[in-house]
Amino acid sequence: MASVNKVILIGNLGKDPEVRYTPSGAAVCNLRIATTRNWKNRDSGERQEETEWHSVVLYDRQAEVAGEYLRKGRPVYIEGRLKTRKWQDKDGNDRYTTEIVAETMQLLGGREGMGGDDAGGAAAAAPRSAPAARPTPKPAPKSSTGFDDMDDDIPF
């Protein structure tokens with residue numbers, strides 16, 4: 001039987017990314033992302049809000065991009081998987097941390113407030129593999145219905 005471990009988040013950064021490097025030189029970035037759920041209470045009609053905080057880890061080039069372009073408060077799309085790590089605190093007690101290991105990251109929102117040089121044309125996404133070049137679209141063939149020269153100002 002197959003199983004699925006998939007997480008998709010759209011949220012805001014709670015603080016600036018923390019980028020560090022392993023002894024072998026690989027970049028690792030930790031993020032804290034807030035997602036907020038809003039609803040109306042059925043009994044009182046009052047608006048309710050609940051914020052959930054998520055720990056996200058990115059590796060390699062994605063970690064570097066996150067460290068360079070993400071800032072506290074910025075919206076971000078994360079797609080990845082859940083991973084639980086076991087570690088020991090300073091007293092030797094076993095502790096567990098569950099985090100999202102990001103496989104895809106997409107910066108959301110405008111370019112204002114992003115780190116780096118706007119003239120540099122920084123990529124807005126950092127998937128694990130580079131996207132293929134998009135082919136130039138070809139014009140659609142003319143139809144024989146006689147409606148080709150109609151205006152596209154349809155009111156809906």
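## First stop: Thr-35

Start by selecting Thr-35, which is buried, with a relative accessible area of 18%. Here buried means under 20% relative accessible area, exposed means over 50%, and partly exposed is in between (1.4 Å probe, protein chains only). This is a predicted model, in which local features need pLDDT of at least 70 and side-chain atom pairs count only at pLDDT 80 or more, while totals for chains, interfaces and linings use all residues. Residues are numbered from 1 along each chain as its sequence is written, and side-chain values use heavy atoms, with hydrogens and water left out.

Thr-35 sits in strand β3. Strands (E, at least two residues) and helices (H or I, at least four) are DSSP runs, numbered from the N terminus. Now show the side chain of His-54: the side chain of Thr-35 makes a polar contact with it, at 2.8 Å. A polar contact is a pair of N or O atoms within 3.5 Å; within protein, one must be able to donate a hydrogen and the other to accept it, and residues adjacent in sequence count only if both atoms are side-chain atoms. Leaving out residues up to four places away in sequence, Thr-35 also touches Leu-9, Ile-10 and Gly-11, as well as Glu-50, Thr-51 and Glu-52. Touching, or contact, means heavy atoms within 4.5 Å.

## Zoom out

Switch to a cartoon view. How many helices and strands are there? The protein has one helix and six strands, and from the N terminus on they run β-β-β-β-α-β-β. Of the 156 residues, 25% are buried. Among contacts with a separation of 6 or more, 56% are between residues 24 or more positions apart.

## The helix

Next, select residues 60–69, helix α1, and color Gln-62, Ala-63, Val-65, Ala-66 and Tyr-69, which are buried. They are on the same side of α1 because they cover an arc of only 165 degrees around the axis, taken from the directions from the helix axis to the C-beta atoms. What do the buried residues of α1 pack against? Bring up β2 (18–21), β3 (27–40), β4 (47–59) and β6 (94–107), and you have the answer.

While you're here, click Asp-60, also in helix α1. Asp-60 has a positive phi of about 55 degrees although it is not a glycine. For background, most residues other than glycine have a negative phi. Asp-60 is partly exposed, with a relative accessible area of 42%.

## Into the core

Now select Leu-31, Val-56, Leu-58, Leu-70, Ile-78 and Met-105: these have the most contacts inside the largest nonpolar core, which has 20 residues. At least two residues of this core come from each of β1 (7–13), β3, β4, α1, β5 (75–88) and β6. Such a core is a set of buried Ala, Val, Leu, Ile, Met, Phe, Trp, Tyr and Cys residues joined through side-chain atoms within 4.5 Å.

Residues up to four places away aside, Leu-58 touches Ala-27, Val-28, Cys-29, Leu-31, Ala-63, Ala-66, Ala-102 and Met-105.

Hop over to Ala-27, in strand β3. Ala-27 is buried, with a relative accessible area of 1%.

## Charged pairs

A salt bridge is a side-chain nitrogen of Lys or Arg within 4 Å of a carboxyl oxygen of Asp or Glu.

- Glu-103 and Arg-81, with the closest N and O atoms 3.5 Å apart. Glu-103 lies in strand β6 and Arg-81 in strand β5, so the pair ties together parts 22 residues apart in sequence. Glu-103 is partly exposed at 30%, and Arg-81 is partly exposed at 31%.
- Arg-85 and Glu-99, at 2.8 Å, N to O. This pair links Arg-85 in strand β5 with Glu-99 in strand β6, 14 residues apart. Arg-85 is partly exposed at 37%, whereas Glu-99 is buried at 6%.
- Asp-89 and Arg-95, with the closest N and O atoms 3.1 Å apart. Asp-89 counts as buried at 17% relative accessibility, and Arg-95 as partly exposed at 40%.
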